[in-house]
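Student: Could you walk me through this structure, taking one topic at a time?
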Amino acid sequence: MDSFIASCLGRGRTVILTLVFLIIAGTYSYYTLPRESQPEVQIPIVYVRLYHEGISPEDSERLLLRPMEREMRGLDGLREMRSTA
């Protein structure tokens with residue numbers, strides 16, 4: 001490691017030229033990368049929370065959770081559904 005540092009200190013112009021080249025190449029790469037202003041990102045998870053005060057867990061399962069599960073089964077591409085009451 002000491003010899004590498006010594007060789008870099010002895011070749012200052014080469015090190016600075018390499019640094020300038022890397023900065024120019026990085027800047028060029030940044031500006032030529034293809035970008036979209038509104039990319040289409042598909043989010044693979046949907047989180048639905050149902051909350052109702054004053055009812056028991058059994059009633060919330062029967063009145064809220066089960067009807068919501070029946071509606072969600074109609075979604076295209078749905079592979080897994082988890083529910084907790």
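Student: Where is the place of Glu-69?
Tutor: Glu-69 sits in helix H3, which covers residues 57–72; helices here are DSSP runs of H or I with at least four residues, numbered from the N terminus. This is a predicted model, in which local features need pLDDT of at least 70 and side-chain atom pairs count only at pLDDT 80 or more, while totals for chains, interfaces and linings use all residues. Residues are numbered from 1 along each chain as its sequence is written, and side-chain values use heavy atoms, with hydrogens and water left out.
Student: Does Glu-69 count as buried or exposed, and why?
Tutor: Glu-69 counts as buried because its relative accessibility is 8%, where buried means under 20% relative accessible area, exposed over 50% and partly exposed in between, with a 1.4 Å probe and protein chains only.
Student: Which residues does Glu-69 touch, leaving out those up to four places away in sequence?
Tutor: With that exclusion, Glu-69 touches Met-81 and Ser-83, contact meaning heavy atoms within 4.5 Å.
Student: And which residue forms a salt bridge with Glu-69?
Tutor: That residue is Arg-66, and the closest N and O atoms of the pair are 2.8 Å apart; a salt bridge requires a side-chain nitrogen of Lys or Arg within 4 Å of a carboxyl oxygen of Asp or Glu. Glu-69 and Arg-66 are separated by about one helical turn, because they are three residues apart in helix H3. Salt bridges that share partners join Glu-61, Arg-66 and Glu-69 into one network.
Student: What is the N to O distance between Arg-66 and Glu-61?
Tutor: It is 2.3 Å for the salt bridge between the side chains of Arg-66 and Glu-61. Arg-66 is partly exposed at 35% relative accessible area, and Glu-61 is partly exposed at 26%.
Student: How many salt bridges does a search of the whole structure find?
Tutor: The search finds three, and one of them pairs the side chains of Arg-62 and Asp-59 at 3.1 Å, N to O. Arg-62 is exposed, with a relative accessible area of 52%, whereas Asp-59 is partly exposed at 27%.
Student: Changing topic, how much space lies in the largest pocket?
Tutor: The largest pocket holds about 940 Å³, and of the 27 residues that line this pocket, Val-46, Tyr-47, Val-48, Met-81 and Arg-82 are the closest to its centre. On a 1 Å grid over the protein atoms alone, a pocket is an open set of points where a 1.4 Å probe fits, with protein on both sides within 12 Å along at least five of seven lines, and lining residues have an atom within 4 Å of a point; the volume is the space filled by probe spheres set on the points, which are joined across faces, edges and corners.

Terms used:
Helix = DSSP H or I, 4+ residues; strand = E, 2+ residues; numbered from the N terminus.
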